[in-house]
Amino acid sequence: MRAVAHAIGSLWRTSTYLRWVYLLLGAALVLAFILVDSALGAVVTDLGLPKVATGIIWVLMGLVPPVVLGLLPAVREVEGIAVESLLAVRFDERPLGPARTWPQRRRTVAWFCLHLVAGGVIGILSTIVFGVGAIWLAAPFRSAGSRDIVPGWSYHVRGNWTDLWMPAAAIGGLAGLFLLSAAVGALLAYLAPRVLGPTAAERIELLEQQTATLAERNRLARELHDSVGHALSLVTIQAAAARRVLASDPDFAETALAAMETSARAALADLDHVLGLLRDDRRPGSRTTPQATLGGLDRLVEATRAGGITVEVDRSGDLDQLPAAVSREAYRIVQEGLTNAIRHAGHPAGELAVDLSIRLDTSGLRLAVTNPMNGKSDHSGGGRGLAGIRERVAVLRGTVDAGPVAEPEGQTWRLAVRLPVSMTKG
């Protein structure tokens with residue numbers, strides 16, 4: 001009884017009806033091909049060709065159209081949508097794109113032909129079950145007499161309870177049709193990812209693309225953290241300085257407000273740039289802002305100084321010789337180092353002094369950001385600054401050292417980075 005109840009319950013599942021609909025789509029395509037072949041066959045017959053030639057043409061008319069249609073790139077995409085919607089299959093490649101390679105096209109042809117064969121069989125059985133079943137359901141309610149309830153088979157209809165086996169048989173045939181459709185649909189759902197979906201090599205390529213996308217988004221997140229975080233830190237300390245001297249030194253307050261405006265505009269530009277990349281904006285006329293490099297170091301230092309922070313720069317070497325990738329990452333490292341000094345040094349604006357050292361020689365590029373610490377200093381905050389610096393340095397195969405250093409004049413915080421680079425500009 002449990003098995004019977006389970007079988008009956010399966011008939012009412014939405015997936016069963018959807019799979020039957022998917023198979024009927026294949027049956028509809030088969031009917032379309034039959035109608036076209038019938039029209040062409042009539043023309044071939046009128047030509048009076050030999051029977052062998054006529055037979056070959058009929059075979060070609062039956063095989064060539066499905067193969068040619070299956071080779072169209074869009075067929076894979078359309079079949080993928082139908083399989084996902086009606087067979088509840090989820091492909092590794094979502095959405096399933098058009099067939100771009102010949103292996104994909106060959107597998108699409110195989111799947112398309114399988115769809116036609118399975119749909120054709122279920123379509124024929126559906127026609128028989130619904131056609132004959134309608135007659136059998138009405139048999140007990142018809143007047144007594146000999147009736148052709150099945151073509152070629154006469155049965156004496158009595159018009160009473162003895163004919164109840166006929167509606168029961170019709171219902172059983174309908175249930176069997178749905179069970180068969182569910183079984184064939186389940187088989188197609190099992191085969192779809194293996195035939196229509198990507199191969200192992202294509203899955204590896206897809207994973208590589210996804211990994212590259214995630215890596216790029218991680219890089220953009222670091223860019224956003226460093227650029228916008230630095231700007232907001234400057235805005236915060238400049239606002240605090242302006243508020244303290246607003247009444248006593250309005251000129252300084254005005255200068256601080258102007259610096260805040262400049263920092264906020266730069267942050268908005270960086271934010272728009274990164275969000276545009278995340279949206280993959282390719283609309284005509286869209287522009288992407290060039291990424292900052294060490295060539296913009298002076299602007300970064302001046303913006304930091306505008307917040308009342310003393311920045312002493314010690315640089316040596318021709319930074320224009322740096323490869324572009326190293327110069328971009330070095331700029332962000334310096335920017336994050338200055339941001340950490342502003343946030344965590346514990347000194348108010350006007351009292352913080354930061355030493356920045358940038359040296360380029362045959363041993364590589366060395367960066368150092370040093371700031372004094374007091375009792376309020378806390379460089380161990382839970383932010384992403386140092387983690388982002390380590391990620392950037394790891395990509396460039398460099399080394400990073402960050403922590404407190406005991407100096408004769410007091411304890412300081414030092415960020416030291418070394419990047420191995422060639423002296424050829426990239």
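**Strand pairing and a helix crossing**

Strand β5 (residues 364–372) teams up with β7 in the antiparallel sense, and 8 bridges link the two. Keep in mind that this is a predicted model. β7 has another partner as well: 9 bridges join strand β6 (residues 399–407) to strand β7 (residues 410–419), again running antiparallel. Elsewhere, helix α3 (residues 51–70) and helix α5 (residues 102–138) cross, with axes that come within 8 Å.

**Around strand β7**

- β6 and β7 make a hairpin, with 2 residues sitting between them.

**Where α3 meets α5**

- How do you describe a pair of packed helices? You give the angle between their axes and the distance between the axes.
- For α3 and α5, the axes cross at roughly 130 degrees.
- As for handedness, α3 passes α5 in a right-handed crossing.
- On the α3 side, the contact is made by P66, V67, L69 and G70.
- On the α5 side, the contact comes from R105, T108, V109, F112, C113 and L116.
- Sorted by class, the contact of α3 with α5 has 7 nonpolar, 2 polar and 1 charged residues.

Methods
Residues numbered from 1 in each chain as written. Predicted model: local features only at pLDDT ≥ 70, side-chain atom pairs only at ≥ 80, totals over all residues. Heavy atoms only, no water. Axes fitted to C-alpha atoms, helices over the stretch in contact; angles between N-to-C directions. Helix = DSSP H or I, 4+ residues; strand = E, 2+ residues; numbered from the N terminus. Left-handed = near helix turned anticlockwise from the far one by under 90°. Contact = heavy atoms within 4.5 Å. Nonpolar A, V, L, I, M, F, W, Y, C, P; charged D, E, K, R; others polar. Pairing = 2+ DSSP bridges.
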